[in-house]
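Please look over the sequence and the structure shown below before reading on. The report that follows takes up a few topics one at a time.

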Amino acid sequence: RCDVADTVPLDFWADAFTYLKTINPELLTFNEGRSNEYLEVAFDMAYDFNWTKTMIDVFANKAPAKNIQETFIEQLNTYGHNYKNLAKTIDNHDVASDHVLNRNEITMTTKGVEAALVLCYTIGGIPYLWNGYEFCDNAENCMLSNRFHGRRSQINWSRAFTPEGQNRLEFIKNLNNLYHNNHQHNHLIND
């Protein structure tokens with residue numbers, strides 16, 4: 001993952017990744033940026049920031065559900081065939097650090113998170129789970145912390161042993177099976 005990669009000249013990334021992939025052909029490059037050109041030329045994938053914002057707006061802030069369709073169409077028009085390379089997520093290190101105690105598991109509720117995750121897995125692109133969603137982690141999380149300084153910075157693993165955590169793990173396993181085994185669905189959206 002390359003933080004704010006769009007601020008670095010594109011030819012640097014293209015040359016660097018071409019070379020690095022001669023050493024490791026399985027290298028996966030992730031742009032934490034918005035440029036379709038960077039996806040086209042150098043990166044394998046990128047966050048879909050607009051998607052994440054829409055998911056939070058709809059499921060936590062009560063925005064109209066039609067915003068999901070509007071964001072989908074806007075992103076499809078913006079990224080074209082590269083749409084399939086966008087990470088569909090409801091959270092990442094930036095979002096969690098910005099929300100601190102108001103993690104999506106709390107503001108969206110468990111059922112809202114699950115509805116949003118279904119969309120992340122089925123709308124096309126690359127479903128992306130971050131930091132504890134597989135078992136309903138609702139702990140404060142801040143990327144600017146560590147165990148010695150600042151706010152909490154780790155997953156609350158005890159949630160994995162709760163009924164909610166166990167149910168979510170099964171839910172995620174089912175979503176993963178749907179995503180990987182439904183080739184017709186993946187072909188229709190990602191091609």
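## Helices H3 and H7

In which crossing, left-handed or right-handed, does H3 pass H7? In this predicted model, the crossing in which H3 passes H7 is right-handed. The axes of H3 and H7 come within 10 Å and cross at roughly 150 degrees.

On the side of H3, the contact is made by Trp 51, Met 55 and Phe 59, while H7 contributes Gly 112, Ala 115, Ala 116, Leu 119 and Cys 120. When these residues are sorted by class, the contact of H3 with H7 has 7 nonpolar residues and 1 polar residue, with no charged residues.

## Helices H3 and H4

The contact is made by Asn 50, Trp 51, Thr 54, Met 55, Val 58 and Phe 59 of H3, together with Asn 67, Ile 68, Thr 71, Glu 74 and Gln 75 of H4. By class, the residues in the contact of H3 with H4 divide into 5 nonpolar, 5 polar and 1 charged.

## Helices H7 and H8

Helix H7 (residues 109–122) also meets helix H8 (residues 163–181), with axes that come within 10 Å and cross at roughly 15 degrees. Angles under 35 degrees count as roughly parallel, and H7 and H8 are therefore roughly parallel to each other. The crossing in which H7 passes H8 is right-handed.

From H7, the residues that make this contact are Thr 110, Val 113, Glu 114, Leu 117, Val 118, Tyr 121 and Thr 122, and from H8 they are Arg 168, Phe 171, Ile 172, Leu 175, Asn 176, Leu 178 and Tyr 179. The contact of H7 with H8 has 9 nonpolar, 3 polar and 2 charged residues.

Strand E4 (residues 86–88) pairs with E5 in the parallel sense over 2 bridges. Lys 88 has Pro 127 in E5 as its bridge partner.

## Confidence in the model

The mean pLDDT of the protein chain is 89, and 92% of its residues reach 70 or more. Confidence is highest in helix H1 (residues 10–23), at a mean of 97, and lowest in helix H9 (residues 183–190), at 55. Where pLDDT is low, the predicted coordinates should not be read in detail.

Conventions: Residues numbered from 1 in each chain as written. Predicted model: local features only at pLDDT ≥ 70, side-chain atom pairs only at ≥ 80, totals over all residues. Heavy atoms only, no water. Pairing = 2+ DSSP bridges. Helix = DSSP H or I, 4+ residues; strand = E, 2+ residues; numbered from the N terminus. pLDDT = per-residue confidence, 0-100. Axes fitted to C-alpha atoms, helices over the stretch in contact; angles between N-to-C directions. Parallel < 35°, antiparallel > 145°, perpendicular 65-115°, else oblique. Left-handed = near helix turned anticlockwise from the far one by under 90°. Contact = heavy atoms within 4.5 Å. Nonpolar A, V, L, I, M, F, W, Y, C, P; charged D, E, K, R; others polar.
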